[in-house]
Amino acid sequence: MTLSKSGGCKRTLLAVMTLVAAMTASNAARAQEGSTPLDAPPVVPQDVPPAAPPVPAPPPPVVAVVTPAADEPRGGLDFDVEQRRWAVGYAGVSLVPNGSGTLTVPALGLRYWSSPTVGVDVALGLGWTGGSSESGGVSTDKNSVFGIIAQGGIPLVLSAHRHVTFQVIPYLTLAYGTTSSGTGASKIDFDGLRVDVGARAGFELFFGFIGIPELALSATLGVQFEYLRNAQSSNGVSANDTTYSISTTVQNNPWDIFAGNVAARYYF
């Protein structure tokens, strides 16, 4: 009986020692791993500061939009029908036949561009001379002379550069003049008619290089067919003289600017 109790106590003591050794080894392992020991005081949680507000996105970059000037020629050309389709100007001087001579008549022209390559020219000129002379107290009327000229053309642009266009212009010109001399039974009526049909070729120079792209100067030459008739009548008797000719022609010479005979157009 004594041996049995003694053996039971030993077994109980051995079990307690084994449990204590196991707990000690477990605490040592936790200490090495940084774990909180079983007997450590509880950790009190600290107040977590609020998260910082998100940073706003930067504004989009400012892009400067450059608008070209309103009067800047399109494509770098002074000749710009989108901005300037119409032009007025001097269409040259013509000799209008009147049956007994000629009358110098200047013409004013109007040009319209329906497209960058095709346009329309029209021009009209009027002239009249008259008056009287006095000698020894006697006044004598001069013979009055009247003339009119009408021109039409189709300018065609074959090439365009910064300040210059090269053009071919088919055209038609009608000129008519009339005069008379004497009075009563000795009165003689005169009239003349000229018809020109031809084509000119040349250039139109724009003054954009000095800041005036609206101003242009033309210089052309060409060939034409001319019909010329001079007629007269007196007391029911008439006579006429008709001439046909083909010749070259020069209009708006570049050197005319030095002689005061400027052939120019202003576009708008």
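Is Asp78 buried or exposed? In this predicted model, Asp78 has a relative accessible area of 2% and is buried, because the cut-off for a buried residue is under 20%. The surroundings of this residue are taken up below, after an outline of the chain.

The protein chain contains 2 helices and 12 strands. Read from the N terminus, the order of the elements is α-β-β-β-β-β-β-β-β-β-β-β-α-β. Of the 268 residues in the protein chain, 28% are buried. The accessible surface of the chain amounts to about 17500 Å², and carbon and sulfur atoms hold 65% of that area. Among contacts in the chain with a separation of 6 or more, 58% are between residues 24 or more positions apart.

One of the strand pairings involves β4, at residues 132-135, and β5, at residues 138-141. These strands run antiparallel and are joined by 4 bridges. Ser133 has Thr140 in β5 as its bridge partner. The hairpin formed by β4 and β5 has 2 residues between the strands, and in this hairpin Gly136 adopts a positive phi near 60°.

The largest nonpolar core holds 9 residues in all: Ala91, Val96, Leu103, Val105, Ala107, Ala123, Val145, Ile149 and Ala175. Two or more residues of this core come from each of the elements β1 (86-97), β2 (102-113) and β6 (145-153). The most is given by β2, which supplies 3 residues. Among the members of the core is Ala107. With neighbours within four places in sequence left aside, Ala107 contacts Gly89, Tyr90, Ala91 and Gly92, as well as Ala123, Leu124, Gly125, Ile149 and Gln151. Another core lies apart from the largest one and has 8 residues, including Val81, Phe206, Ala216 and Tyr267.

Salt bridges were also examined. Side chains of opposite charge can pair when their charged atoms come close. The count of salt bridges comes to 8. In one of them, the side chain of Asp78 meets that of Arg162, with an N to O distance of 2.9 Å. This pair connects distant parts of the chain, its residues being 84 residues apart. Asp78 belongs to the loop between α1 (2-32) and β1, while Arg162 belongs to the loop between β7 (156-160) and β8 (164-181).

Notes. Residues are numbered from 1 along each chain as its sequence is written. This is a predicted model: local features need pLDDT of at least 70, side-chain atom pairs count only at pLDDT 80 or more; totals for chains, interfaces and linings use all residues. Side-chain values use heavy atoms; hydrogens and water are left out. Buried means under 20% relative accessible area, exposed over 50%, partly exposed in between (1.4 Å probe, protein chains only). Contact means heavy atoms within 4.5 Å. Accessible areas come from the Shrake-Rupley method with a 1.4 Å probe; for residues, only the protein chains shown count as cover. Two strands pair if DSSP finds at least two bridges between them. A nonpolar core is a set of buried Ala, Val, Leu, Ile, Met, Phe, Trp, Tyr and Cys residues joined through side-chain atoms within 4.5 Å. A salt bridge is a side-chain nitrogen of Lys or Arg within 4 Å of a carboxyl oxygen of Asp or Glu.
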